[in-house]
Amino acid sequence: MADTAANGDGEPVQKTPAQLLKEAKKKEKMEKFLAKQAKQQQKNTEGAGEKKKPAKEKKEKVIITYDKNTPEGEKKDVSGAMPEAYSPQYVEAAWYSWWEKSGFFKPEYGRSSAYEDNPKGQFTIVIPPPNVTGNLHLGHGLTNAVEDCITRWHRMRGETTLWNPGCDHAGIATQVVVEKKLMREKGQSRHDLGREKFVDEVWKWKNEKGDNIYHQLRKMGSSFDWERACFTMDPKLCIAVKEAFVRLHEEGIIYRSTRLVNWSCTLNSAISDIEVDKKEITGRTPLPVPGYKDKVEFGVLVSFAYKVVDSDEEVVVATTRIETMLGDSAVAVHPSDERYKHLHGKYVQHPFCDRKMPIVCDEFVDMNFGTGAVKITPAHDHNDYDVGKRHNLDFITIIDDSGNICGDCGIFTGMKRFDARKAVLKELKELQLFRDIQDNPMVVPVCSRSKDIIEPLLKPQWYVDCSDMASKAVEAVRSGELKIIPDIHLKTWFNWMENCRDWCISRQLWWGHRIPAYFAEVNDPNVPKGEESDGSYWFSGRTEEEAKEKAAAKFKVTPDKIILKQDGDVLDTWFSSGLFPFSIFGWPEQTQELDFFYPGTLLETGHDILFFWVARMVMLGTKLVGKLPFKEVYLHALVRDAHGRKMSKSLGNTIDPVDVINGISLEDLHKQLYNSNLDPKEIERAKKGQKEDFPNGIPECGTDALRFALCSYTSQGRDINLDVLRVQGYRFFCNKLWNATRFALSGLGEDFKPEATLKLSGREKLMDKWILSRLSYAVDMCNKGFKEYDFPTTTTAIYNFWLYELCDWYLEYLKPILYGEDKDAIAVSRNALFTCLNVGLRLISPFMPFLSEELFQRLPRRTDNEPPSICVTSYPEVEEFPWRDTELESGVDFAQNVVKTVRSMRADYNLTKTKADLYLRLHDEPTAAMLQKYSDVIQTLSSSSAVTIQVEGEVPQGCAVNTVNAQCEAHMMLKGLIDVDKEIDKLNSKKSSLLSQQSKIEEKMKKADYAQKVPEKIQQQDADKMAEISLEIQKLTSAMDQLKLMK
């Protein structure tokens, strides 16, 4: 199947050998199918009239659900027998409402007040508030899985723990969603409604849909203190936003200025850098643009000439945005460029208007690129803006807010900007000023919300002067006061913060925190009339009255002479988000909550918003509260799909965590697309993506499996390529835990009462000591992993302990003991087994809260005064488990390798139930003496009738032999147990089949064009397959040689 999958992306023109092979296989399959059909048809004809055997009824899979009548918030009833198989629906029912009602997630739990001194310390973390715009995706799922695991670990360690939930109003995103909804359902725009009614519509939508995110978070098992949930437009947070703006404006840190912004003509608003997608293209590329029927061409560099005034000379310049030449106000050359030294101080003539433009000298020009001359459009290009400022050039705006050509542009005025692109090029050709056009790799800035092409426009906006705050943020990290984990992100932090530009916080929206600034008109002839671009006529205030008092004081008039008009813009969403760590605790009031919970312990989020959110919280927290908002920042990787692609609704690969938890059919995945804001073309594209990735839908995996999978993927790198179907593998792991605990409980018996204290009896056997040693190791690794935010270390330790050590070895070893006659051995083993179950469930609880609670509640207790829930039971600490014995582990490891070797031999000779004598030949006495201690373990686990360990002497004839390692050989007596000739025939048949496969691959690899035409990945797969077949043939030959000796 590897060839088939790889060839899906192959060249359509000339088929690769792998494709040809695939077609041949398909043809062969079809021929077999047709032959089978014909044979069946013949049978049906011959057997007409004969009585048919009744077809076996297909057994439908029964979904086990929890059907006991448990009132909301009451403890789940776990009396009675455990269901035979693990069912996420059964396990996850009822627990969350009990946890929430019992107050386990509140910092007050177990103490008289949240604010009382706790010698074990405290842990505070705030949620990165998700946008209120709808559903969470797997990126949010990762964030909440990681944060909840960390939070639960701290809570179980006895610390005063708070994880504060909340939601972001998401200005642009929410406004876009509601605007599309209005247009779709009522055919109205926001302008049809007016600002006040439109904002009412947004609140209505928020109140209807906003709780969906909180439902998803509960479904994920997130242990928030829900009574402290905050929305960034709540009154308490609105007060904080106003206060922050006013204070910073009064200090001059917030100021008004006319500068270039990222402008979305579709949204009619400036947008932040994070909302700009940088689309890389390699050359001439037509792209769809909202408002245009035909695609617009990008990725070309157009060269044209400007004529030098009073000269026959010309200067050739080049641009990827030819329409912007309408706003050119200069041509720049490098001062050292000999080609243009004679033109310094001269002018060029604009061909479409009476505009003479200076030739200026500026070192930003690259002499070696193109002609070495650059057109300068200060009002529509970020680099040109700086040149314009340096040389005091004219800033000529030629594109308006809607993306149309404006100003004195002659025949082009009123055209849409990309229509003007074609028209300008045509006119240049007619004037014989066009010189060249060629493909040009470039980055096209696209608005992530509207998919429009971003236009840099000059706008009077509000800015935050970040220079001083950014310097302090840099110093905080350099000094170690603030720690960023992993440190691969330090370079990004320093690069951003040391080159931090002032932050534009104005957004031309209606939904959000309206800027508390007012433009003042003064009804007094002695005061000159101001311009809205002039910051000295703007006044901020917590109320309009306060702003009016400020204006009156400045202009030395009475307040009744002042007429105020509030700015219609709203603040960038990141501004209110930057205040979140302290605004939620009542700032600017000096509340007890703020004093106790601020600063927080940790901020956990994706590395993609390190600057947009993390840096701004650090700057604003330090400036406004005087303290860093947290001590550590842990940045997790980004979640991409199995193919490494960014999650995108239009690709159909954005997955709702709830769909992974509950499972969903392909048909229902498709239906979700129709409820989104995608246009019809995007829906069809997304449906295709869903069909390719989830042809059978997404299987039910459950919350615990999803959380465990997400955390196990979280290595400290940049990206996670998450195959959703791999989560199903962890669902099988859950089933293993369920079955293991079910078996163990039956082995413990109904009357079992564990020892009151956790200690060894001194009567433990080697395997009891071994499993407790491995448990000690798992405890150590789990705590180290949590402390270092190394989640794969923790999940791997848990997974290995439960699956490979407890289930595969210890439980198998215990079976004959638990059902044997040695009462002392039974008692000792039961206590060891109980310790493993109890501690193992506590270790996994932060990752799998539902399953661990379900199983933990079925375990007996050591004492009567233990906590009611596993989530408030202590997390195992290293000091409690001083049982690590590496020498013992080394010995058991040797014995396990012997068992694995013997099991492999038994499988080779098809010894399913028959027990054979085992002879282990060692190379030295010390090793033999060591292994002798484990002879009963080896006998039990390898299903041997007897085990003989020897260094010298001959092993009886009739044995199959295999090497365990350099020190040990395993000889298994087969004489009299198998039909030698029959076994040789079977092995010969296998060998023939492998030789045939080997021959086909060799033939394929010998073809002349194999190395050139077959993809490297397929060549590697072929080489690996050949090596695997050769090894298997070698083993079969050796096995047959051994069998021949038994004749």
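Select Lys688 first: this residue lies in helix α22, residues 680-693. The model is predicted. Lys688 is exposed, with a relative accessible area of 57%. Exposed here means over 50%. Lys688 and His670 are 18 residues apart in sequence, and their C-alpha atoms are 9.4 Å apart in space.

**Zoom out: the whole chain**

Of the 1047 residues, 52% are buried. The chain exposes about 50,200 Å². Carbon and sulfur atoms supply 49% of that area.

How far apart in sequence are the residues that contacts join? Take the contacts between residues at least 6 apart in sequence: 77% of them join residues at least 24 apart.

Next, colour by charge. The chain carries 143 positive and 156 negative side chains. The centres of these two sets lie 5 Å apart.

**Salt bridges**

Side chains of opposite charge can pair when their charged atoms come close. The count for this model comes to 57 salt bridges.

Select Arg218 and Glu100. Their side chains meet in a salt bridge, 3.0 Å from N to O. Arg218 sits in helix α9 (residues 211-219) and Glu100 in helix α4 (residues 95-102). The pair links distant parts of the chain, 118 residues apart. Buried, exposed or partly exposed: what is Arg218? Arg218 counts as partly exposed because its relative accessibility is 27%, and buried would need under 20%. Glu100 is also partly exposed, at a relative accessible area of 30%.

Move to Arg707 and Asp148. This is another salt bridge, with the closest N and O atoms 2.7 Å apart. Arg707 lies in helix α23 (residues 703-713) and Asp148 in helix α5 (residues 138-156), so the pair ties together parts that are 559 residues apart in sequence. Hide the surface to see them: both Arg707 and Asp148 are buried.

Now pick Glu314 and Lys307. Their side chains meet in a salt bridge of 3.0 Å, N to O. Glu314 is partly exposed, with a relative accessible area of 29%. Lys307 counts as partly exposed too, at 38% relative accessibility.

**A positive patch**

Select Lys180, Arg184, Arg449, Lys451 and Lys646. These residues gather in a surface patch of positive charge. Centre on Lys646, which is placed in the loop between β28 (638-640) and α20 (657-662). Is Lys646 buried or exposed? Lys646 is exposed, since its relative accessible area is 55% and the cut-off for exposed is over 50%.

**Backbone stops**

Switch to a backbone view. Most residues other than glycine have a negative phi, and most peptide bonds are trans.

Select Ile485 and Pro486. The peptide bond joining them is cis, with omega about -5°. Pro486 lies in the loop between β19 (483-485) and α14 (490-498).

Go on to Tyr598 and Pro599. The peptide bond from Tyr598 to Pro599 is cis, with omega near 0°. Pro599 is in the loop between α18 (592-597) and β26 (600-606).

Next is Gln432. Its phi is near 60°, a positive value in a residue other than glycine. Look for Gln432 in the loop between α12 (417-430) and β16 (434-439). Gln432 counts as exposed, at 63% relative accessibility.

Finish at Ser943. Phi of Ser943 is near 55°, again positive in a residue other than glycine. Ser943 is in the loop between α31 (935-941) and β31 (944-950).

Notes:
Residues are numbered from 1 along each chain as its sequence is written. This is a predicted model: local features need pLDDT of at least 70, side-chain atom pairs count only at pLDDT 80 or more; totals for chains, interfaces and linings use all residues. Side-chain values use heavy atoms; hydrogens and water are left out. Patches are made of residues with over 30% relative accessible area and no salt bridge: like charges are joined within 9 Å, nonpolar side chains (Val, Leu, Ile, Met, Phe, Trp, Tyr) within 5 Å. Accessible areas come from the Shrake-Rupley method with a 1.4 Å probe; for residues, only the protein chains shown count as cover. A salt bridge is a side-chain nitrogen of Lys or Arg within 4 Å of a carboxyl oxygen of Asp or Glu. Lys and Arg count as positive and Asp and Glu as negative; His and the chain ends are not counted. The place of a charge is taken as NZ of Lys, CZ of Arg, CG of Asp or CD of Glu. Helices (H or I, at least four residues) and strands (E, at least two) are DSSP runs, numbered from the N terminus. Buried means under 20% relative accessible area, exposed over 50%, partly exposed in between (1.4 Å probe, protein chains only). Contact means heavy atoms within 4.5 Å.
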